[in-house]
Amino acid sequence: KDSGVEWIGEIPEGWEVVKLKWIYKGIGSGGGISPDNIDESGSYPVYGGNGIMGYTENFNSDEEDIIIGRVGAKCGNIYLASGRKWISDNALKLRIDNMERGYLAKLLEIRNLNELANKNAQPLITGGMVGNQDIVVPPTKEQMDIVAFLSGQMSHIALVIAKIEESIELLQEYRF
């Protein structure tokens, strides 16, 4: 059927297109953390606008989180992270209960939220910008099937990349 959104096109029957803000529980910045509390050897990763920026001995989340870079060159990047971690105020935490987190994380990654960023000296996206995105929502079982399929494909791709890198190393050794 027609999704009703030009850039999405057609979708299977039983799927729907909704604004993300209508299905999430909340979205907001993480907590502030002093640079003095971040180093290379802490127990828990610190997520900032561009991903892991170091480690700390404190944490402000111990759930499986969808983390979205909010500030910086890589704002809009998506991280699906489990376990204890610190989510800084340079990242957004998307709280959701009624969707497969892995599916939503992949969907947002494909959406390339970085293109929403203002083009100032310091690129920035807001929770409002993210919430206004149209997303495709299949039934939960299909979300889980999609995640399982993509995980299998990513594993296969990682193996192929490792083999290619090994071949390149061998070729470089032969060259010298």
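The following legends describe close-up views of a predicted model.

**View 1. Overall arrangement of the predicted protein, with its 3 helices and 9 strands.**
Read from the N terminus, the elements follow the order β-β-β-β-β-β-β-β-α-α-β-α. The C-alpha trace extends over about 60 × 45 × 35 Å along its principal axes. Of the 176 residues in the protein, 39% are buried.

An α-helix has 3.6 residues a turn, so residues three or four places apart point the same way. Helix α1 is followed by Asn112, for which phi is positive, near 55°. Asn112 has this positive value although it is not a glycine, and its place is in the loop between α1 and α2 (127-131). With a relative accessibility of 39%, Asn112 counts as partly exposed.

**View 2. The largest nonpolar core, a set of 29 residues.**
The residues with the most contacts inside this core are Leu20, Ile68, Leu94, Leu104 and Leu108. At least two residues of the core are supplied by each of β5, β8, α1 and β9, and the largest share, 4 residues, comes from α1. Leaving aside residues up to four places away in sequence, Leu108 touches Leu20, Ile66, Ile68, Ile78, Leu94 and Leu113. A second, separate core has 6 residues, among them Tyr47, Tyr79, Ile87 and Ala91. In soluble globular proteins, nonpolar side chains tend to be buried together.

**View 3. The largest pocket, which holds about 160 Å³ of space.**
Its lining consists of Ile78, Leu80, Gly102, Ala105, Lys106, Glu109, Val147, Leu150, Ser151 and Met154. The elements that give two or more residues to this lining are strand β6 (78-81) and the helices α1 (101-111) and α3 (140-175). By residue class, the lining of the largest pocket divides into 6 nonpolar, 2 polar and 2 charged residues.

**View 4. The aromatic pair of Tyr44 and Phe59, one of 2 aromatic pairs found in a search of the whole structure.**
The ring centres of Tyr44 and Phe59 are 5.3 Å apart and the ring planes stand at 70°, so the pair is edge-to-face. Because Tyr44 lies in strand β3 (residues 44-48) and Phe59 in the loop between β4 (51-56) and β5, the pair ties together parts that are 15 residues apart in sequence. Tyr44 is buried, with a relative accessible area of 18%, whereas Phe59 is partly exposed, with a relative accessible area of 34%.

**View 5. The tilted aromatic pair of Tyr47 and Tyr79.**
For this pair the distance is 5.9 Å centre to centre, with 50° between the planes. Tyr47 lies in strand β3 and Tyr79 in strand β6, so the pair ties together parts that are 32 residues apart in sequence. Tyr47 and Tyr79 are both buried, and they are included in the second, separate core of 6 residues.

**View 6. Asp65 in strand β5 and the residues around it.**
Asp65 counts as buried, because its relative accessibility is 1% and the cut-off for a buried residue is under 20%. When residues up to four places away in sequence are not counted, Asp65 touches Tyr79, Leu80, Ala81, Lys85, Ile87 and Lys93.

**View 7. Lys25 in the loop between β1 (16-19) and β2 (26-29).**
Lys25 counts as exposed, with a relative accessibility of 60%. Apart from residues up to four places away in sequence, Lys25 touches Arg95, Ile96 and Asp97. Lys25 and Val5 are 20 residues apart in sequence, and their C-alpha atoms are 24 Å apart in space.

Definitions and conventions. Residues numbered from 1 in each chain as written. Predicted model: local features only at pLDDT ≥ 70, side-chain atom pairs only at ≥ 80, totals over all residues. Heavy atoms only, no water. 1 Å grid on protein atoms, 1.4 Å probe; cavity = no way out; pocket = protein on both sides within 12 Å on 5 of 7 lines; lining within 4 Å. Points joined across faces, edges and corners; volume = space filled by probe spheres on them. Nonpolar A, V, L, I, M, F, W, Y, C, P; charged D, E, K, R; others polar. Core = buried A, V, L, I, M, F, W, Y, C linked by side-chain atoms within 4.5 Å. Buried < 20%, exposed > 50% of the residue type's maximum accessible area, 1.4 Å probe, protein only. Contact = heavy atoms within 4.5 Å. Phe/Tyr/Trp six-rings, centres within 6.5 Å; stacked < 30°, edge-to-face > 60°.
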